[in-house]
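Colleague: Could you take me through this structure, please? I am new to it.

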Amino acid sequence: MVRIHLKKGNDSLFLHDTTVKQNVAELVSDVLDVYDLRLKVLRLCDEMQSLAKHGHFLPPNMQGLTEDQIEELKLHDEYEKICVPQGGSVECPDPIGRRSGKAPNESMAEVIMKTITDAKEGVSSKIVTANRTLTVTEVQSSLDKLKGAIMIVYPMKLPSYDPVQAEIDNCEDLSGTQASLEVIEKDKGSLWWAGKELMPEKTLEDYIGKNEKTKIVVKLTKKGSQAPGREQQMTEDQKKQMMAWQYRKQEEMKKLHTADDGDDYYNSSWANPNALKNQFHGIGDVKWGPR
């Protein structure tokens, strides 16, 4: 199997196994299945973290308003009595006014946070260091765990406009957000290797040969974007180690240069190879400087 180390920019994403016979278009589709689902898991983790701290999402017309403004406008959160977390809620106001402030109690919040930690570890780029691949099945498993935690804590479901519920129902609206820039649709993805864009109609064999026991670094971009930067020959840690080695070597040379290494006799008159010649010429005791 060919092992692909997928990167976006300089950030490692995950490892993916394939064969040299696979069509590049199919490879792009397979990689984006994992990539986009992984982004969904990370987005859901972020929103669930806010849910555990500050409760369900307020209606759009109540977000960002103070209690006095809500009372003055006679607005009401119709989900306040419906979206009650298992075991009751605790008051924890949202400083930015997006959520209700009716947070789950400590034990239920712990269920959510523990599930978030497990899900993030399951899709973390650290698994690249462990030389483990990431598949759609594994990412879907992390997603299912997150959905299960929400069902435990909020058995009556969340409002449809809550980002957590929207992600669970696959109807999230990412327009105008930073997250929308990260998502890559299947027909808009492109892979680059060794400074070359992999053409959809070709196979990996056309680029890397017939050796199945190959590991390559491939960079993911959107179609039409400029070529990604070349892979660095050395990592930042390797650069630091080399600079430290060069500094130590330089300091050692300074010490050798200044230390008395027993070569002072080179400056003695008896060590002068021209001493006998100078004596015959009568210039043996001539000094070329002030006495």
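**Pocket, helix packing and rings**

Modeller: The lining of the largest pocket divides into 6 nonpolar, 6 polar and 7 charged residues. Here Ala, Val, Leu, Ile, Met, Phe, Trp, Tyr, Cys and Pro count as nonpolar, Asp, Glu, Lys and Arg as charged, and the others, Gly among them, as polar. This is a predicted model, in which local features need pLDDT of at least 70 and side-chain atom pairs pLDDT 80 or more, while totals for chains, interfaces and linings use all residues. Residues are numbered from 1 along each chain as its sequence is written, and side-chain values use heavy atoms, without hydrogens and water.

Colleague: Moving on, at what angle do α3 and α5 pack?

Modeller: Helix α3 (residues 106-123) and helix α5 (residues 136-153) pack at about 175°, with axes 9 Å apart. That makes α3 roughly antiparallel to α5, a term for angles over 145 degrees.

Colleague: Which residues of α3 and α5 make the contact?

Modeller: Among them are Met108, Val111 and Ile112 of α3 and Val139, Ser142 and Lys145 of α5; contact means heavy atoms within 4.5 Å. By class, this contact has 10 nonpolar, 3 polar and 1 charged residues.

Colleague: And how many aromatic pairs are there?

Modeller: The count comes to 1 aromatic pair, with ring centres required to lie within 6.5 Å. Tyr79 and Tyr161 form it edge-to-face (planes over 60 degrees apart), at 5.8 Å centre to centre and 85° between the planes.

Colleague: Why does the pair tie together parts that are apart in sequence?

Modeller: Tyr79 lies in the loop between α2 (67-73) and β3 (89-91) and Tyr161 in the loop between α5 and α6 (163-168), so the parts joined are 82 residues apart in sequence.

Terms used. Axes are lines fitted to C-alpha atoms, for helices over the stretch in contact, and angles run from 0 to 180 degrees between N-to-C directions. Helices (H or I, at least four residues) and strands (E, at least two) are DSSP runs, numbered from the N terminus. Angles under 35 degrees count as roughly parallel, over 145 as roughly antiparallel, 65 to 115 as roughly perpendicular and the rest as oblique. Rings of Phe, Tyr and Trp (its six-membered ring) pair if their centres lie within 6.5 Å; planes under 30 degrees apart count as stacked, over 60 as edge-to-face and the rest as tilted.
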